[in-house]
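Student: I have a structure to read. Can we go through how its strands are labelled and paired?

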Amino acid sequence: MKIEEKKQIVEDLHERFSKSSLVILTDFKGLDVAAVSDLRRKLTQAGVEYKVAKNTLMARASEDTPIAVLKDLFQGPGAVAISYQDPVTPAKILTKFADDSKKLEIRAAVLNGKLIDLNGVKALAALPSREALLGQLLSVMVAVPTSVVRVLAEVPRSLLNVLNAVKEQKEAAETPAAA
């Protein structure tokens, strides 16, 4: 590989690492081309990039980025899954794929500049998706004003019930006296 090509790869990876919210480092030793293609297709459908490059190039590209904490882990046949938005989806896809294939190994990840290990990635994968979390947040946000409206509506309703009870008592008291 020529020096210019290496520089281009390093610049490209550096830019991607700088923009990413989550980078998961994987070891794909033992996976055949069909399995890697399948994994790459699943990740691409989720808006995640899966990049394979030499360890020295990835280490150099990680300099001055939040991904620099992975620098010592760039060893052996490795690839990185890069997500720019939703950190849960790539963790789910890679964890499931690793469990199914038994050949893909998740080494570590960086989430918003913080290094997380395999257990952290699995915990991230156990979270609901972004859409589900937004739905839960929306239901909580709607529930509070709805409860306030119910409570405020109950005050006049209770007053009306009290006034109706007083009216019925007066009518009941007047009816036997008139007879």
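Student: How many bridges join β4 to strand β5 (residues 114-116)?

Tutor: 3 bridges join β4 to β5, and the two run antiparallel. Two strands pair if DSSP finds at least two bridges between them, so these two count as paired. One caution: this is a predicted model, where local features need pLDDT of at least 70, side-chain atom pairs count only at pLDDT 80 or more, and totals for chains, interfaces and linings use all residues. Residues are numbered from 1 along each chain as its sequence is written, and side-chain values use heavy atoms, leaving out hydrogens and water.

Student: Which residue is the bridge partner of Leu 111 in β5?

Tutor: Lys 114. The hairpin of β4 and β5 has 2 residues between the strands, and Asn 112 there takes a positive phi near 50°.

Student: Why is β4 called largely enclosed?

Tutor: Buried means under 20% relative accessible area (exposed is over 50%, partly exposed in between; 1.4 Å probe, protein chains only). In β4, 5 of the 7 residues are buried, so the rest of the structure largely encloses this strand.

Student: What about strand β3 (residues 78-83): how many of its residues are buried?

Tutor: 6 of 6. Gly 78, Val 80 and Ile 82 point one way, Ala 79, Ala 81 and Ser 83 the other. In a regular strand the side chains alternate between the two faces of the sheet.

Student: Which strand do 6 bridges join to β3?

Tutor: β1, running antiparallel. There, Asp 27 stands opposite Gly 78.

How values were computed:
Helices (H or I, at least four residues) and strands (E, at least two) are DSSP runs, numbered from the N terminus.
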